[in-house]
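Hi,

Here is the structure I promised to send over.

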Amino acid sequence: MNIMYLSAEVEPFAKSGGLGDVLGALPKAVAKQGCNVSVVMPKYTRLIDSKYQDEMNYIGYMYVDLSWRHQYCGVFKLEKDGVNYYFLDNEFYFGGDLYCFADTERFSFFSKACLDLIGYLNQKVDVLHCNDWSTALVPVMLDAFYRHNQLYSNIRTVYTIHNLRYQGKTSKEMLQDITGLPDKYFSGYCMEHGGCINMMKGAIVFSDAVTTVSETYANEIRTSEFGEGLESLINQYAYKMTGIVNGVDYNVYNPSKDKLIWQTYSSATVDEKKSENKKQLQQFLGLPVREDVPVIGLISRLVDQKGLDLVDRVMEDILQRDVQVVVLGTGEKRYEEMFKYFAGKYPDRMSANIYFSNQLAHRVYAGSDFVLVPSQFEPCGLTQLIGLKYGALPIVRETGGLKDTVLSYNEQTGKGNGFSFTNYNAHDMLYTINRAVDYWYSHQDIYKQIRKRGMRCDYSWKESSKKYIELYSRLTGDNK
């Protein structure tokens, strides 16, 4: 099969979060299983490392007609890891940041250009796999402008919801002026929703299949609590919906060969070697170098979704314990200031790193005994999966992919790979943190058993990519 992935961000070229990680790993995993895979993304001239830009081959250019606009689009190609990466170049749209105020027009252009690229390359595509609101217009535009063309007539579309909260809402006047889509696409049947135009709704209506990034999240978004106003629509199209949990690229996140950490280790050597990373992390961050204290890592966007209001309520209680907390990330000012405040008040127990560093993220995973992920909702989550691989036991709330991947330790059966709580409640979270810390202090033998079990969990893309290929095969009738 010929699979083409479309995304606003792809690791290692440009990313802001989990979407980029997924699109960096899934296409490679699918290609390894025999599919012809291409990935299309914007050529962010300011963001993509020059070493990758130097490796790109200039294919040529085309002009993209977007309503009354007639815009230049350069086409560049890079072959890497068995995947053909195409970069669409337009300095006006993609010369700045990954996301900005003009995103509706930028990603309308990108969506139209992706479809035009198929014709420009004269390339057979069996499945177009679109991701998040930034490519949500692709299935709509495919239906409106391209289905009459034989090259496009048999293309099947898959749309993945990575986070339902971000839906691509705009006005009819703006989007119609930008895209030139006919009036019928702005009706209640198509993209109109709640008094505005909702691009994600259009993708759900016009895609052949819709996926989310965990089975639990696929069920949660059918409810008013998690549906972000689209629960009725999602229930209407539930027959299209599949939940497939994300994986982790173990070529990137693997402590046995990670060049970004101080000391490599595996599940067989974790008891002897992981402590060196903890020592170096403490020293690097100016915390007291102590092997006899548990380190809790919190690597996150600092936003409400991540459950930081719970942390805010009991941060004082957490730091009353003999623990060290390491925070890495940026986000809402109130959370940035909160963590800075506690780092100033408890300099021996708290390190607040209000920025993002990929290298430091790897080092926090390697040097932590636990990772805290108390999310209000979490479509899949990668923090807990990476934490498991690095022997940093996850402490999570049971929602979305966190519930699908972390099994709370059970004293009766001895099973489990982390610790979890159910209710979105600060004191339930505090109880679970204390429970985990108590195991670290009083039952090191059990803690180490859980740690090794977690490190041996396989959340690679191999199994998840097979499920995607099965979905593609059902859509195209290719069941070989």
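Strands S13 (residues 295–299) and S14 run parallel and are joined by five bridges; strands count as paired if DSSP finds at least two bridges between them. Ile299 has Leu328 in S14 as its bridge partner. To get from S13 to S14 the chain goes through helix H11 (residues 308–320), a right-handed β-α-β crossover. Right-handed here means that, with the strands pointing away from the viewer, the path from the first strand over the helix to the second runs clockwise. Helices (H or I, at least four residues) and strands (E, at least two) are DSSP runs, numbered from the N terminus.

This is a predicted model, by the way: local features need pLDDT of at least 70, side-chain atom pairs count only at pLDDT 80 or more, and totals for chains, interfaces and linings use all residues. Residues are numbered from 1 along each chain as its sequence is written, and side-chain values use heavy atoms, with hydrogens and water left out.

S14 also pairs with S15 (residues 350–353), again in the parallel sense, over four bridges, and Val325 stands opposite Met350 in S15. Helix H12 (residues 333–345) carries the chain from S14 to S15 in a right-handed β-α-β crossover.

How covered is S14 (residues 324–328)? Five of its five residues are buried, that is, under 20% relative accessible area (1.4 Å probe, protein chains only). Gln324, Val326 and Leu328 are on one side, with Val325 and Val327 on the other.

Elsewhere, Tyr61 sits in strand S3 (residues 57–66).

Cheers

Methods. Buried means under 20% relative accessible area, exposed over 50%, partly exposed in between (1.4 Å probe, protein chains only).
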